[in-house]
Amino acid sequence: AKVAVGRSLQQGIMSIEDLVVGSTVDGVVANRGPYGIFVNIGCNKDALLQVPKRVSSKFRRGDDVYGMKISNIDLEKTQITVAL
């Protein structure tokens, strides 16, 4: 299932419970920090994008990221992990 997400998302915000591991999502880089790159995928919580450190410097806030796969959802910690 492909979930199209981006700046034009008007329908509202998905809940973390609505996400499915293995599904493909698109998003926008929301923040870069010491723990990695966080991407807004249209959920109430930004997802952590897992990429090698040497690649992470290429991502800038506001960049569109397409074709990420949800690799982990931790409902207790409300954490979402995605990978390219």
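Analyst: **The largest pocket**

Fourteen residues, given as 14 in the count, line the largest pocket, and G33, Y35, G36, I37 and S56 lie nearest its centre. (On a 1 Å grid over the protein atoms alone, a pocket is an open set of points with protein on both sides within 12 Å along at least five of seven lines, where a 1.4 Å probe fits; lining residues have an atom within 4 Å of a point.) This is a predicted model, where local features need pLDDT of at least 70 and side-chain atom pairs count only at pLDDT 80 or more, while totals for chains, interfaces and linings use all residues. Numbering starts from 1 along each chain as its sequence is written, and side-chain values use heavy atoms, with hydrogens and water left out.The pocket holds about 200 Å³ of space, a volume being the space filled by probe spheres set on the grid points, which are joined across faces, edges and corners.

As for who supplies the lining, β2, β3 (36–40), β4 and α1 (53–56) each give at least two residues. (Helices are DSSP runs of H or I with at least four residues, strands are E runs of at least two, numbered from the N terminus.) β4 gives the most, with three residues.

Strand β4 (residues 47–50) runs parallel to β6 (residues 79–83), joined by three bridges; strands pair if DSSP finds at least two bridges between them. Here L49 sits opposite V82 of β6, and V82 is also the bridge partner of I70. β5 (residues 64–74) pairs with β6 in the antiparallel sense, over five bridges. Four residues separate the strands in the β5–β6 hairpin, where T78 has a positive phi near 45°.
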